[in-house]
Amino acid sequence: MTYHRPLQLNQALELAAMGARVLAGGTDILPALQGRDLTGTVLDLTAVTGLRGITESAKRYRIGATTRWSDVIAADLPAAFDALKQAAHEVGSVQIQNSGTVAGNIVNASPAADGVPALLVLDADVELSGANSKRLIPLAEFITGVRRTALLPGEIVTALEISKSATSGVSAFQKLGARKYLVISIAMVAVRLVLHNGRIEQAAVAVGACSPVARRLTGFEAALRGLNVAQPSAWRAALQADITARLDPIDDIRANVGYRINAVAELIDQAIAAAAQEGE
Amino acid sequence: MTRLTPNTPLNVNGVVRDIAAPTGRRLSDVLRDELGLTGTKIGCDAGDCGACTVLLDGEPVCACLTTVAQARGADITTVEGLPKAGYAVLQASFLRFGAAQCGICTPGMLMAAAALIRKVPHPTTQQVEDALGGVLCRCTGYAKIVEAVKRANDPQPKPLKAEIGQAVGARLERLDGQPKVDGTEIFGADATPTGALLVRAVRSPHFHAGFSFGDLAVWQAAHPGVVSVLTAADIPGVNCFGTIPSFADQPALAETHARLRGEAVALVVGDPDAVHALDLAGFPITWLVLPHVLTTAEALAKAAPQIHAARPGNILTSGHVQCGDTQAALAAAALTAEVTIETAYVEHAYIEPEAGIAWMDGDTLVVQACTQAPVMDQEETAKVLGLPKHRVRIIPSATGGGFGSKLDVSLQPLIGLAAMVTGRPCRMVYSRAESMTSTTKRHPSYAVARAGCDADGQITALMYRGDFNTGAYASWGPTVAGRVPVHASGPYKTPNYDASARAVHTNGPTSGAFRGFGVPQAALAQETVYEDLALAGGWDPLAFRIRNAFRDGDRATFGQVLHSTGIGECLEALQAPWAAAKARAAEWNATNHHIKRGVGVASCWYGCGNTGLPNPSTIRAGIRQDGTIVLHQGATDIGQGSNTVISQIFADAAGLPVDQITLIGPDTALTPDCGKTSASRQTFVTGRAAQKAGEALRAKLSNSGEGAAWRGRVADMPLDALGYVVSVEETYDPPTVPLDENGQGQPYAVYGYGAHMAEVQVDLRFGTVKVLELVAAHDLGRTINPMLAEGQVEGGVAQGLGMALMEEYIPGRTENLHDYLIPTFGDMPKIRSIFIEKPEPEGPFGARGLGEHVLIPTAPAILNAIRNASGARVTRLPALPYRVLAAIREAGSD
């Protein structure tokens, strides 16, 4: 094993260009080894200057690639980030939150990644950097399948960027699992709502663990506009239609398809109610 | 470039240490292997269990997910550094509140707790649960850990001391607790002498497969550092072990084909770094995959592959108990009910994977490994390795949870073989996946029960048929098949009874012993049909059970006349909590529509000790010339507390102070056989031997129990053959009568009884269940140590809750602790223990066993409560949300 832990981003990008395997919090790569040692060339990003932390500029929030989930919890952020903070609390345990990174969660590209729905409702973009390149693509395009991403050889994720146009309103996250802590989701949802006098002006709704890649329910979001946030019956039909159209859950050891479809609708109602309560 | 070189310094517990290991190694490995800080435990290497939690700059992380490079520059605190960091109060609090049982999770708990109380000196329950939720415990049920953390910074009272003659019944801290909280306890993986070789097993990736080896010598030569490659051909003795000699069928290393996934077929022994780094995927072996069966239904099918040639139909054995005329009684019953119920494989999920070390001491093979049964390990290791028994010495390491699985040998013959062949100390540490795939499980069961009662609600008959998936090898399958029909009536009068159970081989994991030996599965069927009858008859479920409970003088289905039966008292103790919980649920349900509450009850009984077979324990004690009181205590303490309980019994019987006893053992060279830690027998059987030994010592000392006058007398006395001025050795074996062909006899001398009441809430939208409160009433005969007894109850309830709601081991799919779920801090109800003390004449000071009883009623009580809350009659366990929701809908459509 060759283990690199550079201090400068350009050094990291050079190593990435040479094919080094990227490690940050280690909470996905090390468990997969089942006690064996790392092998090959490893690029540890956690010492790279400037990659850790959440910063705010005039138009955007930037979540650096080595920002831990505990950093998200501790950050002073607007209510639109509440869903992300709630998701952060659900990532593994305090120990995992202290090591695991937001960027690692999306790069790992698990269908049950706790962070992805909340980032989707924030319209997060992913900054991909190579030795001689930098590009910004929407998160929804970054994760392309189960454990697959749009990362090209030599690229690393250097940040998530969130436009302030997507940080208005209130938000909430709901996760359903078979136990309290350290649990992989049966299903999870994040919602962000812009409310005015109890009416929904704008809505973003995302669902995880019910399709190969977590998805926004855009049809349902459009249907929510103008509705009274306290009347779930008004959106039931649109919700069911969009769940059928956009989600593709599977039977696994945690639940079956029918259960997940039912649970998602209930979780969304709960998340909307929770977000609305925040908005009061 | 910033590539780090060896000699990376680490600042551990305030001391800067140079490290030779590569910077990409796990911090957990480096702390343990290189710095000798073995207080940091490794339970999963995946962040799933939290046992390896350390502090980096005050914040908890899993050391198994942290590389050395990432830890460089940080202040690292491990359990060994807690006193220096100011957390001795936390360690003391863990002892005072009984928060450490086996102790394997304790360092991780302490570290997570230290991080919390640094910020919040007096945390709430919720804060403790959130902060410690990433550390799993399989023993305690978490309640005492929460209490210990909440009150760590409270004023410190002095530890309770028992006066002479008052140890029994006293809430003493465990006598062996200190090493569990300071990180010095030596578990199976913690003995690492320099020069020891590492052993790894090559295991079958298939459920059923033939195999042949390539050129092992060539492979070995190509892998520097490998000292030896061992296969079945190298085994000098009989390559066949089994906990019950007449059913022994399991090879230490498979010979020509593997019958289960994870079965060991070869060993690689060598330099630890080299062997650790090996990729065994390249080992020269060719597999021929064979057809396999994983369920009893598949195994019983006509065309099923035969797993053992001598066991036609894949049936290992069966057990049967009958009395009266069950068919006629069922036909004549006013009400009848029937259920078909299915339970899953349940994994023991102790936080310590199997581990140990073996070495040669002259011509004696010494094995120091985690175990529940040192003498059985000695016998089986000797058999496999072709040694006379006296040339194998077993020194049990501290055992980080067992619950039945560590009754079977696992690595003992393997490391023994490696040590014999190489002549060097040989270590082996199972990975979590190895532990989960290759060791035993709770039997999955498929059972049909039919019960009938008369118009007054008196049970008239019960029919029970159970098929138990015993997996690839016999292990304790015969015991389960035998115990189930004896116990399937529950602690209820059943005049007509017909119960049988079969142990059926499959290519699944071997099912063995797991807290209750099949009785928890049987209780689920019986308590479900009892609930059916109570509901159909319009009787209060608790009153229905009280009406049918055994009373003194009743005859059990197997013919034994029962005495000192505490089940009626246990159920009656639930009456007030039952009424209160019913009222609370009704009030809640009047105004809540999505989330409904309900209450359920179930009972248990359990015979303590072997079923109709001898199982003696022998206790030796002596006084040294300097007055030291020595107790040779051979009952393996796997966290349940026998080191403390046996000492309490012995001390009071001898009239000696419990806090001045020096404990020796267990160690097959130093302690007489106290049998295995199973079947809830140690407090009863070894306790009774300890009582006899104490009384004998008291007589020899002519000790009135009033002071230490005897000390003056012993100083000048000559030494006996054992090196004591006075010594005693006493044996106790419970009187039993084996069962005849109709299952009639006196299988146990002593029974324990209990009943649980569960209060749950069920979310009707999701089928999720939260157990709010659990009241556990148990007849202990005499409570030797209330704190340890509560610990048993709370831990048993946690395992019962897991079995009820989340635990389902799926071979090939859930071989880790994130897909296989056990309860966390946040899943536990408030637990209240009620101890009934109806003296058992056969038990020491009237005491009976408790360890397994505590798990049996939990799952059926929870299922009955789910039904009361939601109407859902769940018949497939675990009651995962989707299954509960389906059952709710089914009930609603009736």
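Chain B is divided into domain 1 (1-160), domain 2 (540-608 + 748-893) and domain 3 (617-732), with bounds that come from an automatic or database domain assignment. This is a predicted model, in which local features need pLDDT of at least 70 and side-chain atom pairs count only at pLDDT 80 or more, while totals for chains, interfaces and linings use all residues. Residues are numbered from 1 along each chain as its sequence is written, and chains are lettered from A and ligands numbered from 1 in the order in which they are written.

**Chain B as a whole**

- The secondary structure of chain B comes to 26 helices and 30 strands, where helices (H or I, at least four residues) and strands (E, at least two) are DSSP runs numbered from the N terminus.
- The C-alpha trace of chain B spans about 80 × 75 × 60 Å along its principal axes, and 65% of its 894 residues are buried, that is, have 20 or more other C-beta atoms, placed from the backbone, within 10 Å of their own.

**Domains of chain B**

- The centres of domain 2 of chain B and domain 3 of chain B, taken over C-alpha atoms, are separated by 36 Å.
- Their contact takes 18 residues from domain 2 of chain B and 15 residues from domain 3 of chain B, two residues being in contact if their C-beta atoms, placed from the backbone, lie within 7 Å.

**Domains of chain A**

- Chain A is divided into domain 1 (51-165) and domain 2 (169-279), and 20 Å separate the centres of these two domains, taken over C-alpha atoms.
- In chain A, 24 residues of domain 1 are in contact with 27 residues of domain 2.
- On the side of domain 1 of chain A that touches domain 2 of chain A, α4 (82-90), α7 (116-120) and β8 (143-145) of chain A each supply at least two residues, and α4(A) gives the most, with five residues.

**Between the chains**

- The contact between chain B and chain A takes 50 residues from chain B and 41 residues from chain A.
- The elements of chain B that give two or more residues to its side of this contact are β4 (59-62), α2 (68-71) and α26 (881-893), of which β4(B) gives the most, with four residues.

- Leaving aside neighbours within four places in sequence, A:V191 is in contact with residues including A:A83, A:V121, A:A203 and A:I268.

Definitions and conventions. A residue is buried if 20 or more other C-beta atoms lie within 10 Å of its own, exposed if 12 or fewer, and partly exposed in between; C-beta atoms are placed from the backbone.
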